Amino acid sequence: MSAPPGPAGGDAGPSAPPAPTAEKKPAGSVRETLHYAVRNPKLLIGSAVVLALLLLGLIGPPLLDTTDPNAYGGPQAAPPDSTYWMGTTTFGQDVYAQFVHGLRATFLVGVVGGAIAAVVAMLVGFFAGYRGGVLDELLTMVTNVVLVIPALAVLLIINAYLGVRSVPVQGVFIGLTSWPWAARAIRAQTFTLRTREFVDLARLSGNGTWRIVFREIAPNMSSYLFMMFILLFGGSVLIASSLDFIGLGPTGGVSLGLMLQSAQQWSALSLGMWWWFVPPGAGITAIVGALYIANVGLDEVFNPKLRES
């Protein structure tokens, strides 16, 4: 599996997940998949890291003494100690408080951006691949147009002139610009499934397009779609972090990318304040890296040819 798409946009995207199985899985096959899933070290390690960071982002903020991660309440430029676990910034802000709030914002933008991109990609890919003809040509043209547009440049312009910049709004715009490569991959796989016997039988039974797509084709691509969502999730995190780092992130909150931007702006590296920029950088790397490792593990679980004996 390739790494999630970077923030540069354009037609360079990750390789699509492996082709889905064309037949519906019996109960025994599901049990076999679960059997290999709980024994795959890549999937377990990647999922454990993501889950641990997610829980820290959800549980950490309510346990803090303050609800404002940007409060100026501590000693200035203090290294980590028993009181301030990750030290403080030049202005006396608690780095740990910013980190746990930043994790929450990072996961939120990943979920929002990844979910929107996945939904748009599925709608475009499924109907272009299943219906074909004029609809396929129209949707393919729209997909190619969006694909060649430099997504990061568009996001830079939107964020620069947007009156309200928040994590959900950022996730929405990321999702609306990062779906084309996924739509093309889903369209290609739908082409391979639409002529199978179970689809022909559903068509002869009088089922409509929506029912056939979402009751027959989509379930046979469930593993494929889940792995694609993970790639879109990781891509959204990277794009959001890039926007935050150059100062175009949320205006009223905190994120891991904004922490890096603040550390760079106030010369944390030259001042030797490693505790200011290492945690957010390590957090972004851990999230995206763990998602990649988990995706590789899922590839091995869903594809019998890749399972290790």
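These are my notebook entries on a predicted model of one protein chain.

**Entry 1: the overall fold**

I began with the secondary structure and counted 12 helices and 0 strands in the chain. Reading from the N terminus, I wrote the order of elements down as α-α-α-α-α-α-α-α-α-α-α-α. Next I looked up burial: 46% of the 309 residues count as buried. The chain exposes about 14800 Å², and carbon and sulfur atoms supply 65% of that area.

**Entry 2: α7 and α10**

Two packed helices are described by the angle between their axes and the distance between the axes, so I looked up both values for one pair. How do the axes of α7 and α10 cross? Helix α7 covers residues 180-193 and helix α10 covers residues 222-245; their axes come within 11 Å and cross at roughly 170°. Angles over 145 degrees count as roughly antiparallel, and α7 and α10 are therefore roughly antiparallel to each other. On the α7 side I listed Trp181, Ala182, Ala185, Ile186 and Gln189 as making the contact. On the α10 side the list reads Tyr224, Leu225, Met228, Leu231 and Leu232. Sorted by class, this contact has 9 nonpolar residues, 1 polar residue and no charged ones.

**Entry 3: two backbone angles**

Most residues other than glycine have a negative phi, so I went looking for exceptions. Ala77 is not a glycine, yet its phi is positive, about 55°. I found Ala77 in the loop between α2 (41-63) and α3 (95-131).

Ser267 sits in the loop between α11 (256-265) and α12 (274-302). At 35% relative accessibility, Ser267 counts as partly exposed.

**Entry 4: Thr90**

My last stop was Thr90, which lies in the loop between α2 and α3. Its relative accessibility is 25%, and Thr90 therefore counts as partly exposed, since buried means under 20%. Which residues does Thr90 touch, leaving aside its neighbours within four places in sequence? I noted Gln76, Ala77, Met273 and Trp276.

Technical notes:
Residues numbered from 1 in each chain as written. Predicted model: local features only at pLDDT ≥ 70, side-chain atom pairs only at ≥ 80, totals over all residues. Heavy atoms only, no water. Axes fitted to C-alpha atoms, helices over the stretch in contact; angles between N-to-C directions. Helix = DSSP H or I, 4+ residues; strand = E, 2+ residues; numbered from the N terminus. Parallel < 35°, antiparallel > 145°, perpendicular 65-115°, else oblique. Contact = heavy atoms within 4.5 Å. Nonpolar A, V, L, I, M, F, W, Y, C, P; charged D, E, K, R; others polar. Buried < 20%, exposed > 50% of the residue type's maximum accessible area, 1.4 Å probe, protein only. Areas by Shrake-Rupley, 256 points an atom, 1.4 Å probe, with all protein chains shown as cover.
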